[in-house]
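Subject: Structure handover

Hi,

Here is the structure we talked about. Please open it alongside this note, which goes through what turned up.

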Amino acid sequence: MLSSLRKAAQMHDIGKIGIRDSVLNKVGRLTDEEYAEMKSHVTRGAEILKDFTLVEHVEEGTRYHHERYDGRGYPDGLKGDEIPLFARIIGVADAFDAMTSNRVYRNHMDTDYVMTEMARGRGTQFDPEALDAFFRLVEKGAIDLNKIYSQKREDIQNADQKVQEELKRRVEEDKKIQAAEMKEEKNAENAEKNASADGKGA
């Protein structure tokens with residue numbers, strides 16, 4: 001079961017391949033139309049995986065991981081135990097991953113905020129038993145927050161370094177372009193002077 005759960009979790013967002021990059025990576029607030037498109041990733045993913053039989057419950061985990069324990073989630077408004085177990089577990093992990101991940105529009109949220117928000121969702125967004133199991137894993141160190149955040153900081157540093165390298169590359173390209181343009185202008189001026197001199201000599 002754990003092996004299937006791990007594999008189902010790894011594929012739960014597969015439907016996002018059908019969402020436009022402009023929506024996935026948008027910095028500002030999504031419009032109603034864009035939000036509807038974003039939410040469709042769960043049904044798109046379920047459609048992709050509907051005939052995939054190598055991993056148990058993979059379609060359920062994909063379709064229902066944004067359902068809420070209080071019934072206010074999507075796509076079907078399921079609540080409590082109506083939500084398949086894999087989806088309830090993946091929903092906890094997905095929320096934690098979303099808040100602790102670096103995005104194109106923001107860096108990860110700090111530890112205290114993340115853990116407070118997770119606790120606030122007990123019994124509303126999250127299955128209480130699934131959330132309690134998550135907190136036990138954190139307490140035991142099976143989920144190492146220090147290690148996770150250390151990696152996130154390294155990711156930010158690497159991203160910053162890549163940005164600086166890209167900026168440097170563009171500056172060098174601009175210099176080459178400017179040098180080439182200046183050379184062309186100088187050659188044109190010399191050709192004009194030579195033509196003028198030839199005309200006078202004639």
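Contact, in this note, means heavy atoms within 4.5 Å. Please also bear in mind that this is a predicted model.

**Overall fold**

The protein has nine helices and zero strands. Read from the N terminus, the order is α-α-α-α-α-α-α-α-α. The chain has 202 residues, and 29% of them are buried. Take the contacts between residues at least 6 apart in sequence: 53% of these join residues at least 24 apart. The accessible surface is about 13,800 Å². Carbon and sulfur atoms account for 49% of that surface.

**Thr62**

Thr62 sits in helix α5, which covers residues 58–64. Is Thr62 buried or exposed? Its relative accessible area is 0%. The cut-off for buried is under 20%, so Thr62 counts as buried. The Thr62 side chain reaches the backbone oxygen of Val58 at 2.9 Å. Which residues does Thr62 contact, leaving aside neighbours within four places in sequence? They are Met11, His12, Val42, Gly45, Ala46 and Leu49.

**Asp94**

Asp94 belongs to helix α6. Its relative accessible area is 14%. That value is also under the 20% cut-off, so Asp94 is buried. Not counting residues up to four places away in sequence, Asp94 touches His12, Asp13, His65 and His66. With His12, the link is a polar contact between the two side chains, at 3.0 Å. His66 is 28 residues from Asp94 along the chain, and their C-alpha atoms are separated by 8.9 Å.

**Second largest pocket**

How much space lies in the second largest pocket? The volume is about 610 Å³. The pocket is lined by 22 residues, and the closest to its centre are Ile89, Ala93, Phe134, Leu137 and Ile143. Helices α6 (85–100), α8 (128–140) and α9 (145–201) each supply at least two lining residues. Which helix gives the most to the lining? Helix α6 does, with 10 residues. By class, the lining has 14 nonpolar, two polar and six charged residues.

**Where to look**

Start at Thr62 in α5. Then go to Asp94 and its polar contact with His12. Finish at the pocket, with Ile89 and Phe134 among the residues closest to its centre.

Best wishes

Terms used:
Residues numbered from 1 in each chain as written. Predicted model: local features only at pLDDT ≥ 70, side-chain atom pairs only at ≥ 80, totals over all residues. Heavy atoms only, no water. Helix = DSSP H or I, 4+ residues; strand = E, 2+ residues; numbered from the N terminus. Buried < 20%, exposed > 50% of the residue type's maximum accessible area, 1.4 Å probe, protein only. Areas by Shrake-Rupley, 256 points an atom, 1.4 Å probe, with all protein chains shown as cover. Polar contact = N/O pair within 3.5 Å; in protein donor to acceptor, adjacent residues only side chain to side chain. 1 Å grid on protein atoms, 1.4 Å probe; cavity = no way out; pocket = protein on both sides within 12 Å on 5 of 7 lines; lining within 4 Å. Points joined across faces, edges and corners; volume = space filled by probe spheres on them. Nonpolar A, V, L, I, M, F, W, Y, C, P; charged D, E, K, R; others polar.
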